[in-house]
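Work through the exercises below with the sequence and the model side by side, trying each task before you read its solution.

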Amino acid sequence: MSMRTCKMSQVVVIALAVLLQQFTAGLCSEETRSEMADVQKAFTDHEVVPDVVDAAPTELAKVSYPSGVSANGGNELTPTQVKDQPQIEWTVDDPSSYYTLFMVDPDAPNRAEPKFRSVCHWFVGNIPGTRIAEGDHRIAFVGSGPPQGSGLHRYIFLVYKQPAGKLDLSDAPRTSNRSRNNRLNFQHKSFVERYGLGPLVAGNFYRAQFDDYVPSLHAQLSSRTE
């Protein structure tokens, strides 16, 4: 093979590699736009926007329960299936970043008359990356406990980036998983404002209604005061 032929072959290989890279990038961009549209649609169709947030996140967080079920943009799950703390994942652009996670039910005692909007089911700040176990658990996780006859409730996960890095959360409420304290009429937006959180990088939600597990959860929440 002549030197000229060899150089031409190299040029062709490089050109093909560039075209493949551009094609792959285009596919990824299309997938990202499609996912963002799906998140926006789910949050809007189920009125999470505007009931809980003003705008949908750009990413659907992955929410997986030990029972084997997952939250997926408003799918219906049972309180029994979601009684244990889930694993939550989202895209982290900088491993040194910190995040805050909220889980709220805006439909208490029911969606038609939500006088307790919202009930806080989980509040964790100073999460390094997605390592929730290492975060500051201010309000401990509890599962879904919609009262009998109250219909479907929305259970919403919201992940905010902490632009200022690690925060002093010593003045934030702290509640165990055996107490209702600090849970009712929880306004997550007030914490977003107070601590300068943002943007809302990821979120997800499911819906659930009463099942036989709910009385056990209500008894658990009545057993302690802190």
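**Exercise 1: a serine and a threonine in one loop**

Ser 179 counts as buried because its relative accessibility is 1%, where buried means under 20% relative accessible area, exposed over 50% and partly exposed in between, with a 1.4 Å probe and protein chains only. This is a predicted model, in which local features need pLDDT of at least 70 and side-chain atom pairs count only at pLDDT 80 or more, while totals for chains, interfaces and linings use all residues. Residues are numbered from 1 along each chain as its sequence is written, and side-chain values use heavy atoms, with hydrogens and water left out.

Task: Locate Ser 179 and state which backbone atom its side chain reaches, then do likewise for Thr 175.

Solution, step by step:

1. Ser 179 sits in the loop between β9 and α3; helices (H or I, at least four residues) and strands (E, at least two) are DSSP runs, numbered from the N terminus.
2. The side chain of Ser 179 reaches the backbone nitrogen of Asn 181 at 3.0 Å.
3. Although 40 residues separate Ser 179 from Ala 219 in sequence, their C-alpha atoms are 9.7 Å apart in space.
4. Thr 175 also lies in the loop between β9 and α3, and Thr 175 is buried, with a relative accessible area of 4%.
5. From Thr 175, the side chain reaches the backbone oxygen of Asn 181 at 2.9 Å.
6. A polar contact of 2.8 Å joins the side chains of Thr 175 and Asn 182; such a contact is a pair of N or O atoms within 3.5 Å, where within protein one must be able to donate a hydrogen and the other to accept it, and residues adjacent in sequence count only if both atoms are side-chain atoms.

**Exercise 2: aromatic pairs**

Task: Find how many aromatic pairs the whole structure holds, and describe the geometry of the pair Trp 90 and Tyr 99 and of the pair Phe 102 and Phe 186.

Solution, step by step:

1. A search of the whole structure gives 13 aromatic pairs; rings of Phe, Tyr and Trp (its six-membered ring) pair if their centres lie within 6.5 Å, and planes under 30 degrees apart count as stacked, over 60 as edge-to-face and the rest as tilted.
2. Trp 90 and Tyr 99 form an edge-to-face pair, with 5.5 Å centre to centre and 70° between the planes.
3. Trp 90 counts as buried at 7% relative accessibility, and Tyr 99 counts as buried at 2%.
4. Phe 102 and Phe 186 form a tilted pair, with 6.0 Å centre to centre and 55° between the planes.
5. This pair links distant parts of the chain, since Phe 102 is in strand β6 (residues 98-105) and Phe 186 is in the loop between β9 (153-162) and α3 (188-194), 84 residues apart.
6. Phe 102 is buried, with a relative accessible area of 0%, and Phe 186 counts as buried at 5%.
7. One aromatic cluster is formed by Phe 102, Phe 123, Tyr 160, Phe 186, Phe 191 and Tyr 195.

**Exercise 3: the fold as a whole**

Task: State how many helices and strands the protein has, and what share of its residues count as buried.

Solution, step by step:

1. The secondary structure comes to four helices and 10 strands.
2. From the N terminus on, the elements run α-α-β-β-β-β-β-β-β-β-β-α-β-α.
3. Of the 226 residues of the protein, 43% count as buried.
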